[in-house]
Amino acid sequence: MTQEKLLSIANQFALEGDIESIKPLGEGFINDTFVVKTAGEAPNYILQRKNHIVFPDVPAMMDNIKAVTEHIKAKVADPMRETLTVVPAKDGKLYVEVDGNFWAVCLFIAGTSSFDRADSPELAYQGGVGIGRFQSLLADFTTPLHETIKGFHNIRHRFNQWDATIAADPVGRVKELTEEIGWIESRRAEMMEFWGLVEDGTIPTHVTHNDTKISNILFDKESGKVLCAIDLDTVMSSTSLNDFGDAIRSYTNTGAEDDKNLDNVSMSIEMFRAYADGYLSEQKTLSESELAWLAFSARYITYEQVLRFLMDYIDGDKYYKTAYGDHNLVRTHAQYRLLQSMEAQYDQMCAIVKELSAK
Ligand code: ADP
Ligand code: GN1
Ligand code: MG
């Protein structure tokens with residue numbers, strides 16, 4: 001993408017100040033993200049090409065983000081820093097469509113840090129506070145949201161996709177993956193059993209973030225405290241547990257999500273405790289059944305992630321950005337090792353949730 005093209009797209013938005021530069025940022029797996037720097041006192045901006053293969057209805061997604069961020073802004077002390085601010089196009093729409101691609105802009109929140117890994121329990125605690133607060137702020141948000149990705153954390157839907165992908169085997173990889181496919185199949189029944197509790201209403205649904213990995217949280221540079229949850233593309237109705245589980249998958253991993261050295265990968269119980277402590281200090285509205293299944297949600301989401309990486313590998317790497325040929329398979333192995341580590345420490349995880357929720 002040339003600077004000239006980026007500039008012509010950015011100039012279709014209602015930005016303050018003259019644009020000085022537009023540079024790529026971040027390591028998201030889905031969208032293409034750029035920082036737009038402006039001259040003088042004017043704010044800087046985040047310009048994103050939203051992935052419309054992943055998000056088939058970008059306008060609906062932007063409506064969700066606008067509604068949720070407006071709701072949060074009305075409740076917090078510093079509305080320009082404690083959530084995203086969507087910047088509309090000059091024609092008033094929340095996006096610009098160029099050659100079949102959808103672009104959106106929000107304010108760049110200055111004075112923040114973001115991380116790919118959690119390197120201290122304090123950071124994990126702050127991350128937990130961030131998502132606990134996010135869920136609390138949205139607990140009274142009642143406007144129905146669009147489902148931006150169908151069945152995103154719905155394992156029944158994922159199994160339907162999985163079965164179809166294996167049957168299609170579009171690039172002939174299934175024959176080499178007997179062991180990995182076995183990891184998924186051997187846990188199918190227990191995951192469906194858990195999902196049954198969501199389907200029968202035992203575990204309720206709420207407005208949730210759905211993509212709570214550490215890189216989707218901003219921390220204040222000066223105080224080190226959590227500032228806000230960003231990457232709101234997947235905000236929609238789901239279980240509160242999914243946000244907790246996905247964060248545990250990210251914050252507690254002693255290795256990288258795509259670590260080639262599986263000996264690096266395990267779940268740190270210390271980080272689990274710290275994240276759960278932060279989360280439960282802000283999220284006070286969980287029901288007994290939600291608390292009973294909170295620790296399991298980490299296994300559920302990590303399992304789902306193993307399935308999603310493996311399914312994308314079988315499908316010929318169409319969904320996630322990859323850096324090399326078998327990247328999705330490497331991710332599958334590393335996330336499976338993490339899942340095994342969670343399974344081995346499950347009793348302790350449950351005991352910690354029990355202890356912290358009684359505080
Ligand atoms: P993706 O959907 O591809 O993951 P994100 O929306 O998470 O894209 O953005 C990628 C990265 O850009 C984030 O991890 C964060 O570091 C940075 N970022 C995104 N939005 C902002 C913002 N409003 N202010 C400051 N940094 C941001
Ligand atoms: C993607 O968009 P990003 O990079 O923050 C993905 C998550 C996965 C995650 C794995 C919309 O998150 O669901 O858990 O990669 N987002 C979407 O790192 O699919
Ligand atoms: Mg992101």
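Let's start with where ligand 2 sits: domain 1, residues 3-110, and domain 2, residues 121-357, both give residues to the shell around ligand 2, so the ligand lies between them. Please keep in mind, everyone, that this is a predicted model.

Now, who is in that shell? There are 17 residues surrounding ligand 2, and the closest are K213, E257, Q305, R308 and Y319. If you sort the shell by class, you get 7 nonpolar, 4 polar and 6 charged residues.

Q305 has a polar side-chain atom 2.6 Å from an oxygen atom of ligand 2. For D211, a polar side-chain atom lies 3.1 Å from a ligand 2 oxygen. And R249 has a side-chain N or O atom 3.3 Å from an oxygen atom of ligand 2.

Let me finish with a residue I'd like you to look at, Q135. You'll find Q135 in helix α3, which runs over residues 121-137. Is Q135 buried or exposed? Its relative accessible area is 4%, and because buried means under 20%, Q135 counts as buried. The Q135 side chain also has a polar partner: it makes a polar contact with the side chain of Q283, at 2.9 Å. Leaving aside neighbours within four places in sequence, Q135 is in contact with T208, S240, D243, Y279 and, once again, Q283.

Thanks, everyone, and happy to take questions!

Note on methods: Residues numbered from 1 in each chain as written. Chains lettered and ligands numbered in written order. Predicted model: local features only at pLDDT ≥ 70, side-chain atom pairs only at ≥ 80, totals over all residues. Heavy atoms only, no water. Near = heavy atom within 4 Å. Polar contact = N/O pair within 3.5 Å; in protein donor to acceptor, adjacent residues only side chain to side chain. Nonpolar A, V, L, I, M, F, W, Y, C, P; charged D, E, K, R; others polar. Domains from an automatic or database assignment. Helix = DSSP H or I, 4+ residues; strand = E, 2+ residues; numbered from the N terminus. Buried < 20%, exposed > 50% of the residue type's maximum accessible area, 1.4 Å probe, protein only. Contact = heavy atoms within 4.5 Å.
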